[in-house]
Amino acid sequence: MQTNLADFIRNTPDGDEADAILRNCVHCGFCTATCPTYQILGDELDGPRGRIYLIKQMVEGAAVTRSTQLHLDRCLTCRSCETTCPSGVQYGRLVEIGRKITEEQVTRPLGQRMLRRLLASFVPNSALFTPIMRTGQHIRPLLPKKLRDKVPARQRPLEWPTAKHPRKMLMLTGCVQPSMMPNVNVATARVLNALGVETLVAPEAGCCGAIRLHLGYNDEALDDLRANIDAWWPYIEQGVEAIVMNASGCGATVKEYAHLLRNDPAYAEKARRVTELTRDVAEILPEFEEALVAVTRRRAIHTVAFHPPCTLQHGQQVRGKVEHLLATLGVEVRLPADNHLCCGSAGTYSLTQPKLSYALRDQKLERLQAQEPQVIVSANVGCIAHLQSGTSTPVAHWIELVEHMLSA
């Protein structure tokens with residue numbers, strides 16, 4: 001694809017990156033076959049190829065309209081198109097550049113501006129989010145259905161392991177997971193403890209940055225990144241083996257820290273080291289496969305349907321590891337026919353694009369429940385909460401299932 005960048009973006013970091021990505025696109029259209037929004041809406045401009053053309057036009061100086069912004073808003077950033085693309089087009093990075101331009105050049109309606117500002121201020125701030133979520137859980141039966149969908153039932157807390165081990169790993173607990181699904185973090189620490197690894201947490205670490213980044217608050221998102229690096233750096237200097245992620249959305253973002261801070265002379269090298277150390281728990285446990293079999297035993301759950309989050313299979317390119325681990329532990333794992341497609345959660349997407357989000361959820365649940373599972377498992381807090389809102393079948397993180405199998 002030939003490009004002729006406009007003056008406002010030529011010879012800038014975003015311009016150079018957009019130019020390189022656009023030139024890799026060969027217009028083949030393979031991406032449309034795996035785009036969730038194109039599947040539902042059937043509009044070329046609501047598929048990756050169409051959005052790429054829109055971004056090409058804007059970086060070449062064409063007027064940026066509210067219509068352009070709408071088509072970019074509808075993108076889930078699931079990155080399924082990247083997995084499909086034969087030319088290696090880094091669409092996820094390109095669409096973030098496009099969104100940044102539209103935020104600068106198009107004024108949103110007041111209602112949208114207020115909602116997005118509220119989400120960017122409230123959700124990543126655990127000091128605000130946690131007490132409100134806890135209150136919502138206490139009065140959950142009284143809440144309207146749409147609000148109840150966003151408030152998972154409160155979990156009976158597991159006990160954090162207290163044993164000390166020579167091997168140590170650092171874990172990001174996240175901004176919403178500690179109040180929505182705290183046992184995911186505890187289960188991760190308990191499984192690693194049973195394998196002889198101590199899990200450390202940096203209290204000052206907070207949101208990974210994904211929420212503000214995808215809502216267009218780029219400067220605030222980069223501040224989130226820097227704050228986490230500052231919180232983690234003393235542990236890194238002390239020699240932690242890895243930074244463990246059990247929310248695949250966070251993992252996909254933290255693995256981009258080196259890229260996002262590449263032009264920050266104070267943080268670029270530290271960000272590169274953080275990216276090198278960051279691993280999803282599904283990437284870590286295969287190292288302990290024999291030991292894991294030794295410390296677990298079969299329990300009541302024998303059949304699960306697995307929804308691999310987009311941020312795991314497309315964002316991090318981690319595939320097959322969860323299924324293999326569970327199968328090794330005696331669990332039959334069934335994948336739905338559309339396992340490559342998004343469930344519609346996508347961070348705050350279910351709040352900013354509810355109609356599309358719920359259509360995708362219902363489609364995903366239909367295919368998951370066709371597998372007749374005892375439990376549906378996934379690997380990201382947003383996916384789990386979103387799917388659970390539409391079914392009575394239990395939905396859990398797969399690491400919780402492994403924790404339940406630990407020998408007494």
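Which residues lie nearest the centre of the largest cavity? In this predicted model, they are Cys25, Cys31, Ile52, Cys85 and Val89, which belong to a lining of 13 residues.

## Cavities

The structure holds two cavities of 30 Å³ or more, and the largest of them has a volume of about 130 Å³. When the residues that line the largest cavity are sorted by class, ten are nonpolar and three are polar, while no charged residue takes part.

The second largest cavity has a volume of about 70 Å³, and its lining includes Cys35, Pro36 and Thr37, as well as Cys75, Leu76, Thr77, Cys78 and Arg79. Two elements, α2 (36-41) and α3 (48-59), each give two or more residues to the lining of this second largest cavity. By class, the lining of the second largest cavity has eight nonpolar, two polar and two charged residues, and Arg51 and Arg79 are among the residues found there.

## The four-stranded sheet

Four strands, in the order β6-β5-β7-β8, form an open sheet in which the pairing is parallel. Because β6 (332-334) and β8 (395-397) stand at the edges and have a single partner strand each, one side of each is left without a neighbour in the sheet. From one strand to the next, the twist averages 40°.

## Pairing around β1

Elsewhere in the chain, strand β1 (residues 167-171) is joined to strand β2 (residues 197-200) by four bridges, and these two strands run parallel. Arg167 has Val197 as its bridge partner in β2.

Strand β1 also pairs with strand β3 (residues 243-245) in the parallel sense, here over two bridges. In β3, Ile243 is the bridge partner of Leu170.

## Salt bridges

The count of salt bridges in the model comes to 33.

Another salt bridge brings together the side chains of Lys56 and Glu60, at 3.1 Å from N to O. Lys56 is buried, its relative accessible area being 16%, while Glu60 is partly exposed, with a relative accessible area of 29%. A further salt bridge is formed by Glu103 and Arg108, whose closest N and O atoms are 2.6 Å apart. Glu103 counts as partly exposed because its relative accessibility is 28%, but Arg108, at 5% relative accessibility, counts as buried. Glu103 and Arg108 also belong to one network with Arg66 and Asp73, joined by salt bridges that share partners.

Definitions and conventions. Residues numbered from 1 in each chain as written. Predicted model: local features only at pLDDT ≥ 70, side-chain atom pairs only at ≥ 80, totals over all residues. Heavy atoms only, no water. 1 Å grid on protein atoms, 1.4 Å probe; cavity = no way out; pocket = protein on both sides within 12 Å on 5 of 7 lines; lining within 4 Å. Points joined across faces, edges and corners; volume = space filled by probe spheres on them. Nonpolar A, V, L, I, M, F, W, Y, C, P; charged D, E, K, R; others polar. Pairing = 2+ DSSP bridges. Axes fitted to C-alpha atoms, helices over the stretch in contact; angles between N-to-C directions. Salt bridge = Lys/Arg side-chain N within 4 Å of Asp/Glu carboxyl O. Buried < 20%, exposed > 50% of the residue type's maximum accessible area, 1.4 Å probe, protein only.
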